[in-house]
Amino acid sequence: MNPESTSIQNTTQPIQEKTKWREDFPVDVPLDSYISRREFVKFLVMISGAFTLGQFWIAFMTYTRKHAGPALTQKIAGINDIPVGGYLAFHYPDHRTTCLLIRLEENQFVAYDNRCTHLMCPVIPQVEKKELFCPCHKGHFNLADGRPIAGPPRRPLAKVRLQIKGGDIYATGLEAATL
Ligand code: FES
């Protein structure tokens with residue numbers, strides 16, 4: 001069979017036109033989806049760099065929190081604003097941090113940062129059970145001292161130092177959640 005007649009049967013475009021199209025758009029599809037070792041290493045370096053930067057950022061934030069100036073004294077509420085067994089939420093030491101003030105007895109108050117020390121979900125006081133409960137993974141904390149008593153959390157809740165003066169309750173500092 002004549003080779004020219006074969007090429008005419010297999011294509012509808014002249015051979016010159018095909019070549020021109022290839023010159024204008026020299027994209028090699030199999031090669032285009034090929035990831036070279038260099039590109040892969042570049043990707044790994046970028047991911048590792050972002051991760052390292054994140055670690056430095058966390059360390060920096062922890063350091064600045066620990067070495068911040070003198071603790072802020074802030075009025076939370078009047079003693080008579082909370083009944084025995086009651087609680088209220090407030091922001092301390094900044095507007096992003098929510099804390100809970102709980103009245104355990106007539107003259108006994110406790111306050112904690114309400115972020116669970118497992119994965120930061122907000123905890124809920126269950127005064128009748130004498131505990132704070134984290135619904136995310138069923139974490140339990142002792143209401144009287146913030147220690148973890150069941151579930152995944154291993155560290156106690158960060159405690160807010162309190163001072164009672166002239167019938168009012170003040171927050172005077174935040175104790176870091178430690179082991
Ligand atoms: S976030 Fe509280 S138990 Fe997991």
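Which residues does Val160 touch, not counting residues up to four places away in sequence? Hold that thought while you get set up.

This is a predicted model, where local features need pLDDT of at least 70, side-chain atom pairs count only at pLDDT 80 or more, and totals for chains, interfaces and linings use all residues. Residues are numbered from 1 along each chain as its sequence is written.

**Whole chain.** Show the cartoon: you'll find four helices and 10 strands (DSSP runs numbered from the N terminus, H or I of at least four residues for helices, E of at least two for strands). Going along the sequence, the order is α-α-α-α-β-β-β-β-β-β-β-β-β-β. Of the 179 residues, 17% are buried, meaning 20 or more other C-beta atoms lie within 10 Å of the residue's own, with C-beta atoms placed from the backbone.

**Val160.** Select it next, and here's the reply to the opening: Val160 touches Tyr92, Cys99, Ala111, Tyr112, Asp113, Ala171 and Leu174 (contact means C-beta atoms, placed from the backbone, within 7 Å).

**The core.** Now pick Cys99, Leu100, Leu101, Ala111, Tyr112, Val123 and Val160, which touch the most other members of the 20-residue largest nonpolar core. Such a core is a set of buried Ala, Val, Leu, Ile, Met, Phe, Trp, Tyr and Cys residues joined through C-beta atoms within 7 Å. Colour β3 (98-105), β4 (108-113), β6 (131-134) and β10, the elements giving two or more residues to this core.

**Ala176.** Finish in the segment after β10 (168-175), where Ala176 sits. Ala176 is exposed because it has 12 other C-beta atoms within 10 Å, and the cut-off for exposed is 12 or fewer. Draw a C-alpha to C-alpha distance to Leu157: 8.2 Å in space, 19 residues apart in sequence.

Note on methods: Two residues are in contact if their C-beta atoms, placed from the backbone, lie within 7 Å.
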